[in-house]
Amino acid sequence: SLNQAQGHQYTYCAYFWDMYYTWIRLANDVISSMVPAIEDGADEETLVKLKDNLGQAYAYRAWCYLDLARLYEPKDNEEAPVPANIQELTVPIVDEHTTIEDCKKNPRVSREVMYQFILDDLARAEEYLNPAATTFSQPSLMMVNGLYARTSLELGYEEKGMNKEMLKKASEYARKVIDESGKTPLTQTQWEDPVTGFNSAASNNAWIWGISVSAESLNNLLSFISHMSAEAAWGYARYAQFGVASALYDQIPDVDFRKHSWLDPKRTEYYNYKFAGTESDRNGFLNGSQGAKSYVALKFRPAQGECNDFNIGNAGDYCLMRIEEMYFIEAEAKANLQLTEGVKLLKEFMQEYRYKDYNRNPTTWNDFKTEYMLQKRVEFWGEGIVFFDYKRLD
């Protein structure tokens with residue numbers, strides 16, 4: 001069937017706008033309440049908590065505006081050049097001082113103004129966050145450094161060319177997270193675990209930041225897992241069966257364990273997949289009335305491997321940033337500065353953490369970009385990361 005109602009007049013465009021500005025409002029409310037509370041003075045222990053709350057709000061707001069700026073800034077392409085009157089415009093800024101009246105005359109701001117606002121919020125977050133706090137579900141200093149890396153990488157690309165200073169900062173922030181966070185990339189066992197695979201921050205040492213979901217905040221369909229985990233019998237995903245394009249799948253060598261994120265056309269003849277749930281759940285998934293199709297995703301598992309009870313299976317953690325992204329940011333930034341260095345970094349990551357026989361050697365920027373995007377598409381499929389890469393790298 002044809003895709004319908006996905007144009008600029010429909011919810012696909014408005015959904016992100018509506019949701020992110022709701023989160024921004026919540027961050028603004030926290031900032032508005034924390035700043036006077038801190039200024040009023042308190043004992044040292046309370047002050048640390050208040051400042052940490054304030055730092056988290058600034059970090060959340062920076063994250064929201066970075067995503068909004070990247071989503072809505074128009075980008076030239078051959079078929080639809082950007083009109084001059086909206087070039088390099090992002091979205092309106094609404095902060096804790098913006099009134100309802102202000103909102104009625106609050107135009108989109110330039111790329112330069114927006115990214116300075118984001119950097120200012122990150123600086124405030126860095127100032128106020130408790131350096132000892134490392135809870136996965138709350139912004140931490142390493143999460144802020146990860147956002148600095150993302151932001152600097154975007155600023156490395158300008159209409160007039162590359163901004164080498166920002167690319168250098170992007171690589172430095174990414175390396176800082178790698179060296180100082182203590183985080184390590186997912187192993188094959190963690191990646192393929194049918195109980196905790198991509199649903200549990202506590203089960204691995206790779207996730208930097210995300211959302212911890214409780215059963216009380218969900219119903220059977222309003223969750224990431226119900227939309228993305230085809231092994232969940234109650235969800236949309238069992239019917240939609242999101243999967244990978246065969247053109248991408250066929251480019252992944254069999255020695256790359258990430259290929260097991262999707263069901264091969266030969267099924268268990270190709271690989272002895274680990275399935276969530278019981279033997280009965282497995283058979284229902286593979287052979288039931290909504291039997292699994294070729295290339296359907298196995299990456300996101302129902303929480304605790306529970307395939308039938310949505311109260312349990314939906315309550316999985318959702319990752320917003322993991323350490324692997326920092327390796328990719330460092331490689332891309334370095335490749336813009338010195339191609340051979342970027343190639344070397346990508347190769348080192350792949351050989352150490354994905355498959356030791358990896359030996360691609362792109363010799364031009366375009367060839368590197370193609371190879372880099374291939375590996376990043378495989379690495380972050382379904383995680384909401386690669387859309388921004390497509391746009392940035394044209």
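Me: What makes two atoms a polar contact?
Reply: A polar contact is a pair of N or O atoms within 3.5 Å; within protein, one must be able to donate a hydrogen and the other to accept it, and residues adjacent in sequence count only if both atoms are side-chain atoms. This is a predicted model, where local features need pLDDT of at least 70 and side-chain atom pairs count only at pLDDT 80 or more, while totals for chains, interfaces and linings use all residues. Residues are numbered from 1 along each chain as its sequence is written, and side-chain values use heavy atoms, with hydrogens and water left out.

Me: How do you know that Asn314 makes a polar contact with Asn220?
Reply: A polar atom of the Asn314 side chain lies 3.3 Å from the backbone oxygen of Asn220, and the limit is 3.5 Å, so the pair counts.

Me: Why is Asn314 called buried?
Reply: Its relative accessible area is 2%.

Me: Which residues does Asn314 touch?
Reply: Among them are Val213, Leu218, Ile225 and Trp234, leaving out residues up to four places away in sequence. Contact means heavy atoms within 4.5 Å.

Me: What makes α2 close to its expected span?
Reply: α2 has 29 residues and reaches 42 Å from first C-alpha to last, close to the expected 42 Å. That expectation is 1.5 Å times one less than the number of residues. Helices here are DSSP runs (H or I, at least four residues), numbered from the N terminus.

Me: Why is α2 called mostly covered?
Reply: Of its 29 residues, 21 are buried.

Me: What caps the N-terminal end of α2?
Reply: Asp43 does, with a side-chain oxygen 3.2 Å from the backbone nitrogen of Glu45.

Definitions and conventions
Buried means under 20% relative accessible area, exposed over 50%, partly exposed in between (1.4 Å probe, protein chains only). Helices (H or I, at least four residues) and strands (E, at least two) are DSSP runs, numbered from the N terminus.
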